Each structure stands twice: as C-alpha cells, then as structure tokens.
Amino acid sequence: MTPALSAAPFAEVGYFEPWWIQILKSLVLFFVVFNLVPLALLGERKLLGRLQHRYGPNRVGPYGSLQAMADIGKLVFKEQFRPRTSIGWLFSLAPVIAMVCAVATMAVIPFSDTVDIFGTQVGLYGIDTDIGILYAFAFGGIAFYGLMLGGWASGSKYSFLGAMRAAAQLISYEVSQGLALVGVIMMAGTLSLTEIVEYQQNTLWFIIPQFVGFLIFLVSGFAETNRAPFDLAEADAELIGGYNTEYGGGRFAAFFAAEYLNMVVVSGLTVTLFLGGWNIPFWNDAPTFLDPIVVIVKMLGFLLFFIWVRGTLPRLRYDQLMSFGWKVLLPLATLNALVTAIIVVAVNES
Amino acid sequence: MSLQEQQSRWDPGDDVIAVQRGPNPGGAGGAYRAFGETLRGLKTTFARLVEGPKTIQYPEEKTPVFPRFRGRHRLHRFEDSGLEKCVGCSLCAAACPADCIRVVAAENTPDNRVSAGERYAAVYEINLSRCIFCGYCQVACPFDAITMGHDYEMSDYNRSDLIFTKEMLLAEPLERTPLRTPEDIGR
C-alpha cells in the first residue's frame, strides 16, 4: 500500500513521513499507551473488587481515581535495593528489557490508516512494516529475556523458579499463538497489520472465519502476558512473587508496567488481527477521527475481559498448564492452520 | 448378615446428594467441557458484578448493633434528682471475671450528697483493656447503675487511656453507633 523508498532486501518499511512527524507520532503513541497502564491498573483493581462484592480502591482522589498514581509514586520514590547475591548490571538491565520490548511491540499496532493532518500524510501507527506480525513476535520473544535475566540475576531461588516457569510457559504458548495466526496470515496474504485490517474492512472480521484461531490466540495471549489463570510465573501463593521477588521500587514498577503494557499490546493485537482494527461494523465511511477512538475502545473492552477472566479462573497447576499448551492448543492451532490452508486453496482455485 | 449385605440393603434415601464432578481432564472432550465450565464461571462472576458491592464503608457507614449489644459501659444517674445510681457496693467488681472494675466507696454526707444511697463510689474505674464485655457487672448491679452501652470504638494510643474513670463513664456518650431498627432485626 505504501511506496517503498528503497528496495529493502528483507522487509519493506513504509517510511514516507518527514522525520519530525515520526518523532512526534512516536511521542504521542508512547503517551497514549503509557497512560493506558495506570488506567488498566485502576480498572483492574476496581473491577476485580466489583466481581468480588467489593468496591476496590476508593480513598485516593474522587472514586479512587488517583490510586494508581499514588501507587506508582510510592514505588518510584522507594530506595533502589539490590540483594547481595544479585548480578548487578543484569539485575538493573532486566526491567529495562521487559519495558522496552513491551513498548516496542506497541509500535506496529495501527490506530488508523494514513490520515491527512494539516496537509501532512501521517500514518497513525509507529511503523508499518511488511513483517508486522513477525516484529511483534520477535519482541515478545525478547521480552522473555527480561523475565529470565531478572529471575536469574536476582540470585534467589524463588526468582529463579519463577523465571524458569515463565520461560517454559512463554515458549510453549508462543508456538500455539504463532500457529493460531497462520490462518489469519494465509487468508489476508500479508504480515502487515494495516493491510490485515484493510482486508477485514473489505471482507469479514477475522473473528468469524477464524474463530478457533481467535480463541487460541486469546488463551495464548493470557499465557504470554503471565496473567491469571496462567500467572504461574508469579504464583504469589507458591513463589512469593516469581521472577520479581527481589525487585522493589522503580525496578519493580518497571516490571509491573511492562506486564500491564503487555496486556495492552495483546489487546491491541487481538483487536487488529481479529476485530477489524479501526472498523465499525456496517459503517464503512466513518469519519477518520473516530478510528483511534474505536481502536482504543475495543482495546479497553479486551482489557476488561482480561480482568474479568482473572477474577473468575483459578490458577492452573503446572502440569495442567503444560499439557493444555502442548496437547490441546498446539494440535488445535495446527488443525486450524491446515483446514484454513485447504479452504484458501480451494477458494482460490475455483 | 454380612457386611456386604448390610451395605447393599442400606438405602440412604434423600440424604445423598448427587456429587457434581468436574470435567474429566485431557482430550478434546475435556477441553470442550472446560470451555463450558469457563463460560459458566464467567457468568457467575459477572452476576456478582451486577449485584453490586456488599461492603460497608466502615468509618462512614456502620453496622447497626442490636439493642442488647454489649459495648462500652455506662454509669447512670436518676433523671429527676441527678444523683448517681451507684451506691459503691462493689458487687460489680465481685462479679467481674476479668477483675477489671475498681470501686472505692465513700459515705454520703448531707452537704455532699452524690448518690441516692448511704454510700457512693468515690472511685469507679473500669480497665477496658482487660474487660471481656461479658455483662456480668450489669447483671450483678442491684440498682441498674451500670449498663452496657452500644459504643464499640474504644481503641486508643495508650493502655492508661483505656482506664475509664467515673466521670468518663457517667458522661452522656456520643451515640456513635447506629441501633438496629425493628425492620433490621426482622430481616
């Protein structure tokens, strides 16, 4: 869709904006996404309370709206503590990796197509690469180094156990998550997220033809973000805090923010890949300024669903987690990909 | 009759409730049933969301107490004459299982008439950090001079502040605790 400026050998990146627009839009994107973190935090605590006949935080600010900010402020101003057994530079680096990966994935999620802002063509996304999905998965893969190094560098057995669990879990579920998307990629014929959304605009949202893929992607998404019922990596009851047991203050805040950012990212990916991104059903000529709002509303819906599930399901046992990932999700995802492939070929042949 | 026969003859009737078993783990069927159960769980929690919170926001909102709730003690005066009902007989102190009441009696004189009887309590102290709120003092008192009030917010910073003197017990307490209405009780 976008003219490539140079013949890139591996991936075409649609850079057509002036450099200052790129900086500006990455700042805006960062601002919006980062503000979703305290919102998700507060929403989680409030909604979780309501699901349990409680109010949730309601003391700080009107209706407790400043609770998340108060928590973050408290964490940031705490002492930077480091255990004697830890490996210093890795210990400091791990939260940074977790954070950077979470933010970087956000760059490929499109909030709208190219729009005309004051006479300048601007794409409302960080970047639009030919390999959008691969990019997201690559950063998802690197993000696990954040947890792994964090747990290992802490020099604590609980952290290490949590990190090992997180590693095994992320690897197992990344496989089925990737396979679940193969159906989508085959139908759309592209890896670029904006083009996938455009495909859905022209035909159907992928949630209907790829419902099984959607379910698998969603469940794997829960596992990828280490959220209940797949929060084995944290497992407060068994491992104290998992990989971030030894972390406190700002570093813990960074891990925490990365976790919530991952939630936002997975919601964004789900919305983009399966729920038609910025499309509104039965209203194809919606004004452009609605597009980012539509995406954010859909994302918030998914965030609420994440919290709802957390309030409902108990944590899986470790062997259940593994057998579910390998014996149920992976064969289902493979089957889904196979069936989709057959149907796509059959439709294209006829 | 053998044990086996006994067991086979025994008919539990309606006492036995069929056990609801969870989905069998593993396999496609298990996954399918687990999916259904997940949806059921989501419905359950959503119903809780619709019902709304049941929390009582404590400092602003308090659970109403029953009329016979045994809270902090009160000493009483006669309403007409304003004389204290307590005559310093120390029966309450004798009845107290926690030994938290201290009474020192003194004689009433014509120009210093404190109570309606011959003597009055010159010192009447209740150590509320020891009191177990059993209400035996109230039962023991022959003149209904001491009763248990409704106040239960008695935390303090020092143990010595929890020793309530006669003046504190006689003072008309701030009614800080809502009382249950008959409708509440009937509920």
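The dialogue below sets values against cut-offs.

Modeller: One point before we start. This is a predicted model.

Biologist: How do you know that the span of helix H1 of chain A is close to the expected one?

Modeller: Compare two lengths. H1(A), residues 19-51, has 33 residues and reaches 47 Å from its first C-alpha to its last. At 1.5 Å a residue, 48 Å is expected. Just after this helix, His53(A) takes a positive phi of about 65°.

Biologist: Where does Tyr63(A) lie, and why is Tyr63(A) called partly exposed?

Modeller: Tyr63(A) is in the loop between H1 and H2 of chain A. Its phi is near 55°, a positive value in a residue other than glycine. Buried needs 20 or more other C-beta atoms within 10 Å, and exposed means 12 or fewer. Tyr63(A) has 14, so the label is partly exposed.

Biologist: Which residues touch the most other members of the largest nonpolar core?

Modeller: The core has 94 residues. Ala98(A), Ala102(A), Ala257(A), Tyr260(A), Leu261(A) and Val264(A) touch the most other members. H9(A) gives the most to this core, with 16 residues. Another core, of 21 residues, lies apart from it and includes Val87(B), Cys100(B), Cys141(B) and Ile146(B).

Biologist: What does Ala98(A) touch, not counting residues up to four places away in sequence?

Modeller: Ala143(A), Gly146(A), Leu147(A), Ala254(A), Phe255(A) and Ala258(A).

Biologist: How many residues meet between chain A and chain B?

Modeller: Twelve residues of chain A contact twelve of chain B. H1, helix H10 (290-312) and helix H11 (318-349) of chain A each supply at least two residues of chain A's side. H10(A) has the largest share, three residues. That side divides into five nonpolar, five polar and two charged.

Biologist: What is in chain B?

Modeller: Six helices and five strands. Along the sequence the pattern is α-α-β-α-β-β-α-β-β-α-α. Buried residues make up 15% of its 187 residues.

Biologist: Why does Phe133(B) count as partly exposed?

Modeller: Phe133(B) has 14 C-beta neighbours inside 10 Å, so it falls in between. Its place is the loop between strand S3 (119-127) and helix H4 (136-140) of chain B. Phi of Phe133(B) is near 55°.

Biologist: What makes Pro178(B) partly exposed?

Modeller: Its count is 13 other C-beta atoms within 10 Å. Exposed would need 12 or fewer, so Pro178(B) is partly exposed. Pro178(B) sits in the loop between helix H5 (166-170) and helix H6 (182-186) of chain B. Leaving aside neighbours within four places in sequence, Pro178(B) contacts Lys62(B) and Pro64(B). The C-alpha atoms of Pro178(B) and Lys62(B) are 6.8 Å apart, across 116 residues of chain.

Notes:
Residues numbered from 1 in each chain as written. Chains lettered and ligands numbered in written order. Predicted model: local features only at pLDDT ≥ 70, side-chain atom pairs only at ≥ 80, totals over all residues. Helix = DSSP H or I, 4+ residues; strand = E, 2+ residues; numbered from the N terminus. Expected span 1.5 Å × (residues − 1). Core = buried A, V, L, I, M, F, W, Y, C linked by C-beta atoms within 7 Å. Contact = placed C-beta atoms within 7 Å. Nonpolar A, V, L, I, M, F, W, Y, C, P; charged D, E, K, R; others polar.
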